[in-house]
Structures are given as structure tokens and as C-alpha cells.
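Hi everyone, thanks for making time for this one. Have the viewer open if you can, and I'll walk you through a few spots.

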Amino acid sequence: MWKDNDFRELFQNYRVDPPKKVWSNVTAVLEKNRNQRVVLPYFSNYQRFTLVAASLSAMILCGFMLRFMEESPSRIGIAEPNFVAEQNTISLNELEIVNSKTIPTLSSLPTLPSSSITLTKKIRKPSIILPEEYKPFEKDILALAELDKQIAELGKEIDKLNNIEPLQYEWNTPTIAQVQSKTESKANQNWKVYQSQLKDEIIPVPTENKLVEASVTRPKFIERFYLTPYMGANYTQVFYQDKPTNNYFSDKAQFSGQIGYNSGVQFGFQLNKKWSLESGIGLGQYILGFKEDYGTYFRDGHMYIDQLDIPLLMRYTIGLNNKKLPLTLALKGGLIYSNVIFYQINYTDKFNRIISIGSPNEQSFKFDVDKRQYNSMQFGYAAGFDLDAFVSNKISLNLSMLNALVSQINNFPFFGAERQRPIQFSTSFSFGTKIRF
């Protein structure tokens, strides 16, 4: 026999709301009562008085019943409901109702045959057959049966909650407090399937060690530029097509090249993988020696030309290997502009016989005859090659050789306008470092 205190202890720590079907059953009972109340305005005064009296009697009867159940629950023949999860049935035991003179009580009622209410997926109204003498109390009996049914359903829900196994969740799965129904369990399973599909669709992206500057966006064409600082040596020859207009040597003079130096920087722009355009600026000193025999004396002199060179070249690159850091050979050719900015001539005259000039033993004299700023503009052709050995993707060691043939700018392009003007042929060797942007 269940007591009211038993139900309170059972639901003392229970905090989950009853399922929706409990409220639907309560709503159905309330609707039924509401429909009955609507009919009241159409009754006569005598009928209304009778209904009010019956209602008061029912309330007094319920009060006595509750008090009677609290004092001696063993006197009422209501068996504990049998919760069968597999068959979903609720058994109602016999009810003893005691008749009195005016209002019958539960203790005087005869025993009702036990009835079984089967709960299926479709909602069906309970079928309870009452004798004719209990018809006036049908409403109260059905209400008690409905309450018993709902208590049985709550008991089933409690058993389901007690039998839930704890789930193991990973750190990245959504937290679920409790799975209270099959719908929530299915939703949890669908979430795991969705996560597995997401992992299959993710494509790993290889990481690269690149420094990305978020604040500065550099145009792509900047990567095609490169520069090459260099320094090296040169070898120079000078010849004339006619008699030279020089006061210090004649056409009988013999010229010999000397070793000079040059340094500067080259700028380049790569048009594609093979072709590139190059220019730059370089400063070099070209040294030329000359000798001439005048009969009584022999002249040995040197000519120093400090010159500014600005080439404009096309470059074609040939790969020599297929390594990650390749070795390349480049052929280049084009035009070159040269401007003489300083000019100097000095020589020494050695006499064949002894003469007395200042000192009786002196037979040679040194002269520094021409040392001045000069502005001689020359124009000509240039050709050569480069050898690049890459030490990284951006830096390579550069070995260069460039030949230049220049003369006065008014002699270009065939060097025949003023034949008495010198024609300079020089070969420059330089070593530098090519740096790509």
C-alpha cells in the first residue's frame, strides 16, 4: 500500500518535469470538466441546486477519504500499482465504498472487480464497468483511476532515468546533461556521425616557413627585380683609324694595355624565365701605355682615363643543371654609354746621349703634361656573359665578363665620322653578389 509520504520521499530529489503525455491527460480531464460547466446556464434552478449540493457532498467525501487514508491506509483495499514495462499495463484493485444514510462513504462500497487498462502507443480512454448503484460516483472513481494511471507512467519514466548509462564524451563534443528519451539519444548519435563526416572532409594544408607581413602588400612584379653590386679589373686597348690629334704622341707610337679597376652596381628586371633586361652604373679607371722613339730620345708614357659607364643590355639565361640551387650561364649584349670625367697623361723622356741639364748625370726627364677634368661623351656596343651560382632562392654568386667598344658619340654607329678620334676597346672582369627581391 502506497502512502502519501511514500510518494513525497520518492519525488523529493526528482527535478525533471513530467512528460508531455501526463499534461495531455490532465488537460483532457480539465476539458471534460469545462464542457460540463458550460451546460450549467441552461439548467433549471432545481437542477442547479441539486448539482451544487452534489458538489459539496463530493468535496466532503474527498476530505473524509484523504483523512481516512492517512489514519488507516490498510483499511482501504487499493493495491500497489503493478508497473510492467514490457506490457505497459496498470491494474486497479478493488475499491470498498461504504454507504451512509445521506452520503455513502468509500468503506461501505462493495468491492469492484479488478480492471486492467492497457497503454499502447495510441491514446485510448480507460474502460471501467461500474454497477448501476455506483453511477452517481463515476466521476470521482474515474478521476482516481486516471491519477493512478499517471502515477504508473511516472514510475516508468523514473525507471528509465535510473537505468541510463553514463556516456563518455570527448573534450570537443557538445555537453549533454542527460538523455531523457529516444529522440535525444538519436540526436546524440546523429551529432557523432556529423562530426565524423566533417573530419573526412577536412583537407590538411601543408605549412610553409614564410614570413607574411600583414600590414604591407607587395606587388608581384617587385619579385622580378634584382641587383648585383660588383667590383673587378679591366684591360684596355686604344687605336686610331687616322693620325691622332694629340700633342704627346704620333701615329708612330705603340700602345699597350694596362690593368685598371672598376666597380659599380647592376640592376635587372626578369621578363620571363629566360630573358631579362639589365642596366646599371659603374666607375672605372682605364690605363693605357704608349712608347715612341724620336731618335735622340725615347718617350715612355701612360694615359689614365677615369670613366663612368652605363650599359643597357638584354640577357638570355641557360640552365646548366637541374638542382634545387642551379648553376646558370647568361649571354648578354646591347649598348653602352661612357663619359670620361678625368684625364691624365704623364711620360718620361730618355736621351740617347749625355746632355747637361741641371746635373751632368741626368739622362731622363719626367713630365706631367695633362691632368684635367674632362667631359668626353662616348657611345658604343657591349657584349659578354654571366655565370651565376645560386646559394639560396634569392642570392647567387655572380662572375661577369663584359667587352665594350666605344668612341666619340658623333662617331656612332660606324666610328668613321672623325677617324682621328680614338676607339677604345676594353674588357672588364668582375665578381659580385646577385640579390633578388
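When I say that two residues touch, I mean a contact, that is, heavy atoms within 4.5 Å. And keep in mind that this is a predicted model.

Let's take Y343 as our way in. Leaving aside residues up to four places away in sequence, Y343 touches N246, M303, Y304, I305, D370, K371, R372 and Y374. Y343 also belongs to the largest nonpolar core, which has 13 residues. Among those with the most contacts inside this core are Y248, F249, F290 and I345, along with Y343. Strands β6 (275-293), β7 (297-319) and β8 (327-351) each supply at least two residues of the core, and β8 gives the most, with four.

Now for the surface. Which strand gives the largest share of the nonpolar patch? That would be β7, with four residues. The patch includes L271, W275, L312, Y316, L331 and F385, and its members have about 900 Å² of accessible area together. Again, β6, β7 and β8 each supply at least two residues.

Y316 sits in strand β7.

Last stop, strand β3, residues 225-239. On one hand, β3 pairs with β5 (residues 259-270) in the antiparallel sense, over eleven bridges, and there M231 stands opposite S263. On the other, twelve bridges join β3 to β11 (residues 423-436), also antiparallel, with A233 opposite F429.

How values were computed: Residues numbered from 1 in each chain as written. Predicted model: local features only at pLDDT ≥ 70, side-chain atom pairs only at ≥ 80, totals over all residues. Heavy atoms only, no water. Pairing = 2+ DSSP bridges. Core = buried A, V, L, I, M, F, W, Y, C linked by side-chain atoms within 4.5 Å. Buried < 20%, exposed > 50% of the residue type's maximum accessible area, 1.4 Å probe, protein only. Patch = residues over 30% accessible without salt bridge, like charges linked within 9 Å, V, L, I, M, F, W, Y side chains within 5 Å. Areas by Shrake-Rupley, 256 points an atom, 1.4 Å probe, with all protein chains shown as cover. Salt bridge = Lys/Arg side-chain N within 4 Å of Asp/Glu carboxyl O.
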